[in-house]
Amino acid sequence: LLLTPPVETRELLQALLEAFRTSGASSAPAPQGQLTTARTIPSIGLRVLVVEEHPVNQKVDEKILLRFGCEVAFADDGAAGVERAERERYDLILMDLQMPVCSGFEACERIRVGSGPNVDTPILALTASILAEDRERCVRAGMQDVLIKPIRLAELRDAVDRWGHQRILLPSS
């Protein structure tokens with residue numbers, strides 16, 4: 001594998017993941033401090049789109065995601081989120097469910113049936129409360145997971161680690 005400068009963080013991470021996968025690493029536990037799974041990889045360079053109408057929630061999400069090493073973009077409503085998702089590729093999309101102009105459900109459905117670069121990007125619902133039928137509606141709309149507000153640091157970290165790396169481990173479209 002050959003990387004030519006300048007190398008973006010994302011490209012380097014992808015190359016390291018590929019090298020690790022093809023190195024014939026055994027399933028035996030790695031010595032402490034070595035990479036063992038995608039879950040242990042830092043989120044540096046993950047591109048995350050946060051579709052959220054409330055500026056305070058945006059600031060909180062931004063602060064946490066930047067702390068994880070993510071690159072963060074924002075959309076203030078579902079329609080703007082769909083528009084951004086049609087133009088730019090993201091590793092993860094965090095989607096509020098209750099927004100003006102276009103709900104998170106509708107925005108997710110539009111991204112999934114669109115032709116943009118995020119048709120298969122993991123989308124996680126952000127909501128203050130959720131009923132069983134809402135969770136089912138999230139799944140039907142094409143979302144992979146639901147995070148309940150207020151978002152806890154550990155929960156968001158787990159979700160970013162679990163879902164954000166799904167996109168990096170897949171070949172680029």
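Helices (H or I, at least four residues) and strands (E, at least two) are DSSP runs, numbered from the N terminus. With that settled, here is the chain.

What you see is a predicted model, where local features need pLDDT of at least 70, side-chain atom pairs count only at pLDDT 80 or more, and totals for chains, interfaces and linings use all residues. Residues are numbered from 1 along each chain as its sequence is written, and side-chain values use heavy atoms, with hydrogens and water left out.

The chain has six helices and five strands. Read from the N terminus, the order is α-β-α-β-α-β-α-β-α-β-α. There are 173 residues, and 42% of them count as buried, meaning under 20% relative accessible area, while exposed is over 50% and partly exposed is in between (1.4 Å probe, protein chains only).

Now the inside. In soluble globular proteins, nonpolar side chains tend to be buried together. A nonpolar core here is a set of buried Ala, Val, Leu, Ile, Met, Phe, Trp, Tyr and Cys residues joined through side-chain atoms within 4.5 Å. The largest one has 22 residues, and Leu49, Ile93, Met95 and Met143 have the most contacts inside it. Several elements supply at least two residues each, among them strand 1 (47-51), strand 3 (92-96) and helix 5 (132-141). Helix 4 gives the most to this core, namely four residues. Another core, of 18 residues, lies apart from it and includes Val50, Leu92, Leu147 and Trp163.

Is Asp96 buried or exposed? Asp96 is buried, because its relative accessible area is 5%. Leaving out residues up to four places away in sequence, Asp96 touches Val51, Glu52, Glu53, Gly104, Leu126 and Lys149; contact means heavy atoms within 4.5 Å. The side chains of Asp96 and Lys149 are joined by a polar contact of 3.0 Å. A polar contact is a pair of N or O atoms within 3.5 Å; within protein, one must be able to donate a hydrogen and the other to accept it, and residues adjacent in sequence count only if both atoms are side-chain atoms.

Last, the rings. A charge sits over a ring if NZ of Lys or CZ of Arg is within 6 Å of the ring centre and within 35 degrees of the ring normal. Arg137 lies over the face of Phe105, 3.9 Å from the ring centre. Arg157 has its charged end over the ring of Phe68, at 4.7 Å from the centre. That is the end of the tour.
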